[in-house]
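Please view the sequence and the model before reading on.

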Amino acid sequence: MRLFSGRAARFLPYLLFLIIGPALSVAFGQDRFSDLRNYHLYNPWAFLTRHAGADVLPADVQTFFNPLGDIPLYVLGTGILSGYPRVFAGVQGIWYGLLAGVVFSLLRRLAGQGGFSRSEFFVALLIGLTGAAALSQAGLSSNEVPLAALVLSGLRLVISRADVPGGRCEWRILAGSVCVGLAAGIKPTAIVYLPAIVAASGVMVAGKGRLFYGAAISAAGGLAGFLVTYGWWGFHLWCLTGNPVFPMYNEIFHSDYAAWLPFTDQRYKPRSVVQWIAWPFFWLQDRQGIALEAPFADGRFALTMLACIWLIFRGRMWRRVMNPSRRAEGAVLAFAVVGYVFWLRYYSILRYAIPIEVLTGFLIVSALRDMFRHGTEFVSSRRCAVACFGIVVALAVTTRYPGFGHTRFSGRTFDVAEQSVEPGSTVVLMGRNLAYLAPFFRNAASLHFIGMNDLLARSAEFGAGREARGLMSGGRVLYMVRSDDGTEDDHASILKQFVPDFRVSGCRFIVSGLGRTTVRDGEPVTARLSLCRVLREGQG
């Protein structure tokens, strides 16, 4: 399949993607994702200002996440682009354009091997890039899209030039696996793609009788990449808490800073045997709490599950693995299946599955082509084209995209009014998603921020609780930030454990363009934030 002729013309799609990505991000509006308010601003600020050790769990569990991926967002959004929110949104959208370019390159490689027509190629591309997770994450601060681009760049390297007779692909396997390891270190939710890339690498050399050799090279590359981006942070956490992945798996490491619990998110996992087996089929209805924080509906993964079953058991996939000219198709199938199994086991959160989601179009179209194959001949391109068109229309009609908190553009990228309290004060954040306010306090370097949240509630008698108690005792000036959002628990009961008889006074509103918006009586209402002085018993 020859899509474009001429060297210059081959670059046109990539240029188009780099225009589409920023345009989509600007069209969606300003990022107000809950995770942005929770830790994507706080973590890089605390790291760059060396303030992390002065605070106690301001961003709950996420306080201890690697800040590396958030540093560009923080530096640009509070620096040269602080007064240009649309430009900032456009820059954030570049990541979606890069992801689209990587997927385009990957599918062009695969479609050339599979004999796809031009229309089949674009159907595969369209289905993959318009999934409920990938499209809704365009321009957001979550880092899911740039990580997916890095993971799939690794897969693209691994499947490169497998059809060269006698060609050596070890360096491509190594480099591709390093890319996946780098992504996993930046945000460990991508760690499920390390076994996936190992499986794909093994398939790429399986026909040469070196399956385990290729898998070993891939595992070494993945580990090396992971250590580059996470090793330093894991060592920092080990020195700080005694747990290199704190607070995750603290039931194993037994850090005294928090309760000996796993602290892994179990909210979106399947809850029955049927759900574990057929989880994507439960996404066909628009429901909340199923694989995502926000309600959505998408049939891509359900169709892909059926497609993978067909390709494995009816599509003679093993013959493709043994054929150097078709081996890359088997590698992608192995990547998707293994990645899905590990993703289902450890996360089951759809936005972490974007590297698999963007491959759904290729797997669906590949299965359709196999269904219309007779022997080794593809006999009905017309029927396949009709089926592809029907699937595109069905997905367009039935897909419901989740909302992650975009809002109208304001005058500044992070439009938060500066707050002023006495130097050396302790500021208590009542509930989640308030840590983003810390960088906007005057003299923030001299302040201490304490989060009243689930992690502190479980760790009140551990190191975190003792540290919080010390910061709220004695004559230290104490403030609180609270929200009138009735859907969030402000954890006032936790504060009473540390300051039993407190009262508040001198409250003033905090002007923030990033506050959570809900719909009440058909009208959008933004939760109001207030900063109050906390007085202990006997204080006037």
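On a 1 Å grid over the protein atoms alone, a pocket is an open set of points with protein on both sides within 12 Å along at least five of seven lines, a cavity is a set where a 1.4 Å probe fits but cannot get out, and lining residues have an atom within 4 Å of a point. The model is predicted, with local features needing pLDDT of at least 70 and side-chain atom pairs counting only at pLDDT 80 or more, while totals for chains, interfaces and linings use all residues. Residues are numbered from 1 along each chain as its sequence is written, and side-chain values use heavy atoms, with hydrogens and water left out.

**Second largest pocket**

- The second largest pocket holds about 300 Å³ of space, a volume being the space filled by probe spheres set on grid points that are joined across faces, edges and corners.
- Its lining has 19 residues, and Gly69, Pro72, Trp95, Asn143 and Pro146 lie nearest its centre.
- Helix α8 gives the most to this lining, with five residues; helices are DSSP runs (H or I, at least four residues) numbered from the N terminus.
- The lining of the second largest pocket comprises 12 nonpolar, six polar and one charged residues, where Ala, Val, Leu, Ile, Met, Phe, Trp, Tyr, Cys and Pro count as nonpolar, Asp, Glu, Lys and Arg as charged, and the others, Gly among them, as polar.

**Cavities**

- There are four cavities of 30 Å³ or more.
- The largest cavity contains about 90 Å³ of space, and α5 gives the most to its lining, with four residues.
- The second largest cavity contains about 70 Å³, and α8 provides the largest share of its lining, four residues.
- Among the residues lining the second largest cavity are Glu144, Val151, Tyr193 and Arg351.

**Packing of α8 with α10**

- Helix α8 (residues 144–158) packs with helix α10 (residues 193–204) at an angle of about 10 degrees, their axes lying 10 Å apart; axes are lines fitted to C-alpha atoms, for helices over the stretch in contact, and angles run from 0 to 180 degrees between N-to-C directions.
- The two helices α8 and α10 are therefore roughly parallel to each other (angles under 35 degrees count as roughly parallel, over 145 as roughly antiparallel, 65 to 115 as roughly perpendicular and the rest as oblique).
- Val151, Gly154, Leu155 and Val158 of α8 meet Tyr193, Ile197, Ala200, Ser201 and Met204 of α10, contact meaning heavy atoms within 4.5 Å.
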